[in-house]
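These are my notebook entries on a structure that I examined element by element. I record below what I looked up and in what order.

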Amino acid sequence: MKTIRTDESKRNDGPAETGNVDRGKALRALLAYAKPHRRTFLLVFLCSFLAISADLLQPYLIKIAIDENVLAGPEGFRTLVWIGGSFLLLAVLSFVFTFVQANLLQRAGQGIVAQLRKDLFHHISSQSMSFFDRHPIGSLVTNESSDTETISQFFTQVLVSLVRDGLMLVLVVCFMFSLDATLASYCLLLFPVIFGISIAFRKLLRSSYQRARAQLSRLIAFTAENLSGMSLIQAFHQEKEQTRQFTERNAQYLKENLREVRATVSFNRTFDMLGSISVALVVWLGGMAVLGRKLDFGILYAFINYIRLFFQPINAITQQWNTLQSTLVSAERLWRIFSVQPAVRDPQPEEAKELDPDRVQGKVDFNRIRFSYVDDLEVLHGLDLHIKPGEFIGIVGTTGAGKSSLVNLLTRFYDVNKGSVEIDGVDIRKLPLDSLHHIVGLVQQEPFLYSGTILDNVRLFREDVPREDVIRACKLVGAHPMIQRLKSGYDAKLSERGSGLSAGERQLIAFARILIFQPKILILDEATAHLDSHSEQMIQRALNYVSQGRTTIVIAHRLSTIQHADRIIVMQGGVIAEEGPHDVLMKRGGYYAELHRQSRGIAAAAGGAAGGS
Ligand SMILES: Nc1ncnc2c1ncn2[C@@H]1O[C@H](COP(=O)(O)OP(=O)(O)OP(=O)(O)O)[C@@H](O)[C@H]1O
């Protein structure tokens, strides 16, 4: 199944979340998902038709029973039994066809939405980092969960109701005219009233739904953000303030939700009222006709049944109208996401170059690169850095100097605005992303661990990597003793994001991943969180081991980590301020020496405080 394609495919990660989108296009793209299920939908409509016919014939049978048998006297008894039997048969047929229709419909509808969810997840996962800078996680969670659920209702309720109830309405009107054209004509006078009411409510229903959805998104985004920053909230005693903000958002959502419920209930009850007035009208007009012997009683009985049935599909269609409004809002939201194409993409086949991961030397060149996350706010200003194969580079600098930005460009989380980044002389924009990520390995400040076992996390769910290799890698980076202490060792299940492990332990696991996947270039963003000296030593040992034979770039927050680096790059305000080995930089007495002095001062103060406490 193909992902929704859009005409806006040339858009690069653009702000598709704002501005109007073409609702027709969004709906067409959605309907394309139903195409593979054409046959099932045809069967559904056929079953609906048969079930409706069986339902509609029932009042007609009763009319025959009353007028031609009951009122005709005792000789009609045998036919009455036949009519009773036929009535029962019609009821059974209606049950069977409705049952089959509902099952087929659910299967097709749920299948479509499962596919949509999968495509959406795939689409989101293939976006570049700038997409996630612009789209809050909470809002993406709403897209993936509740928007797709609304779309599911479109396929399992709206689509079929529009056809089934529309068909029923036409058939009911036909039956009514065949029974009594005058009474039927009076009933048709109701159509303009129904139309007027629908138009009057339409705007109100749509806007109240949109407002409720916007508040829900706001609430989910706030909750997601808070849950991921819970430790910070508690550390700064922000619970009360956050609860206050949550309560405010929650109250807004409640208010909008109630407003939506009020609008829906008023709309539905207005229709019910109209239905009751119509029945009263038919009873009055028809009753007069029966009394005046212009109409058979059986016809009046059937007519009352049909007028009830007449309102049933109208009610259902208007109910579905509400769902259709929700579907349109959800389809628009999903369409906006699907319209965004990743800013960082695989090269065109004619431009693509391959580097054999086993033969990569590991030479890295940043050639006069300029880069900004947002327009007009450049963070790297024509930076030039050339790294030899196997070189160990330490990057230091004040916060916001551009260290992470520099390595983000080597992993192609973002692309440079000007200049180029090359590996072994090949512009990385020409390398397929897959092979680039084989060549460049990353150990982040807060390595991401999945909900799964230690084994899964080290070999990243690749079953073809033997358990023994994982254990060997963990032993080499010094993670083995820590893993053995866990209850089930390598099979211990980690909680979400590995929250059961310390920052240092999570980094050790990430180091073991490097030994399994053997990238030729290693980037380490050192953990800023305070590590005790034992963990620090473990990390240092692991790094020394893992960096052997590969080009290594370490963003260091503790200068001790990179003291023995081949070269230290000192960054300041998006440019390289100084570079050279530790001793040379210290002798120069410049910015690095100053940083070093400061860090020793801080370490001494921390030591003093620890000693004093
Ligand atoms: N996703 C982003 N969107 C917009 N601006 C960003 C983004 N990430 C970083 N910046 C900005 O880019 C500049 C460089 O940030 P960067 O993270 O590269 O600095 P750093 O040297 O790694 O800092 P730190 O040591 O604090 O991690 C900063 O001014 C920062 O505010």
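Entry 1: Helices (H or I, at least four residues) and strands (E, at least two) are DSSP runs, numbered from the N terminus. The model is a predicted one: local features need pLDDT of at least 70, side-chain atom pairs count only at pLDDT 80 or more, and totals for chains, interfaces and linings use all residues. Residues are numbered from 1 along each chain as its sequence is written. I listed the residues around the ligand as Asp133, Tyr373, Val374, Val379, Gly397, Thr399, Gly400, Ala401, Gly402, Lys403, Ser404 and Ser405; a residue is near a molecule if its C-beta atom, placed from the backbone, lies within 6 Å of it. I sorted this shell into four nonpolar, six polar and two charged residues. Here Ala, Val, Leu, Ile, Met, Phe, Trp, Tyr, Cys and Pro count as nonpolar, Asp, Glu, Lys and Arg as charged, and the others, Gly among them, as polar.

**Entry 2: burial of α11.** I then checked α11 for burial and found seven of its eight residues buried. A residue is buried if 20 or more other C-beta atoms lie within 10 Å of its own, the C-beta atoms being placed from the backbone. The buried ones are Lys403, Ser405, Leu406, Val407, Asn408, Leu409 and Leu410. After α11 I noted Arg412, which has a positive phi near 60 degrees.

**Entry 3: the sheet.** I traced an open sheet of six strands, with mixed pairing and the order β6-β7-β8-β3-β9-β10. Two strands pair if DSSP finds at least two bridges between them. The edge strands β6 and β10 each pair on one side only. Strand β7 (residues 521-525) is largely enclosed by the rest of the structure, because five of its five residues are buried. On one side of β7 these are Ile521, Ile523 and Asp525, and on the other Leu522 and Leu524. β7 pairs in the parallel sense with strand β6 (residues 440-443) over four bridges, and runs parallel to strand β8 (residues 551-555) with five bridges. Leu524 stands opposite Val443 and also opposite Val554 in β8.

I followed strand β3 (residues 392-397) next; five bridges join it to β9 in parallel, with Gly397 opposite Met571. Strands β9 (residues 567-572) and β10 (residues 575-580) run antiparallel over five bridges. They form a hairpin with two residues between them, and Gly573 in the turn has a positive phi of about 55 degrees.

**Entry 4: cores.** In the largest nonpolar core I counted 67 residues, of which Ile395, Val477, Phe511 and Ala512 touch the most other members. Helix α16 (residues 503-517) supplies the largest share of this core, seven residues. Such a core is a set of buried Ala, Val, Leu, Ile, Met, Phe, Trp, Tyr and Cys residues joined through C-beta atoms within 7 Å. Apart from it I found another core, of 49 residues, including Phe154 and Leu295.

**Entry 5: a loop residue.** Is Leu494 buried or exposed? Leu494, in the loop between α15 (480-485) and α16, is buried, with 20 other C-beta atoms within 10 Å. Leu494 and Asn457 are 37 residues apart in sequence and 8.9 Å apart in space, C-alpha to C-alpha.

Notes. Buried ≥ 20, exposed ≤ 12 C-beta atoms within 10 Å, placed from the backbone.
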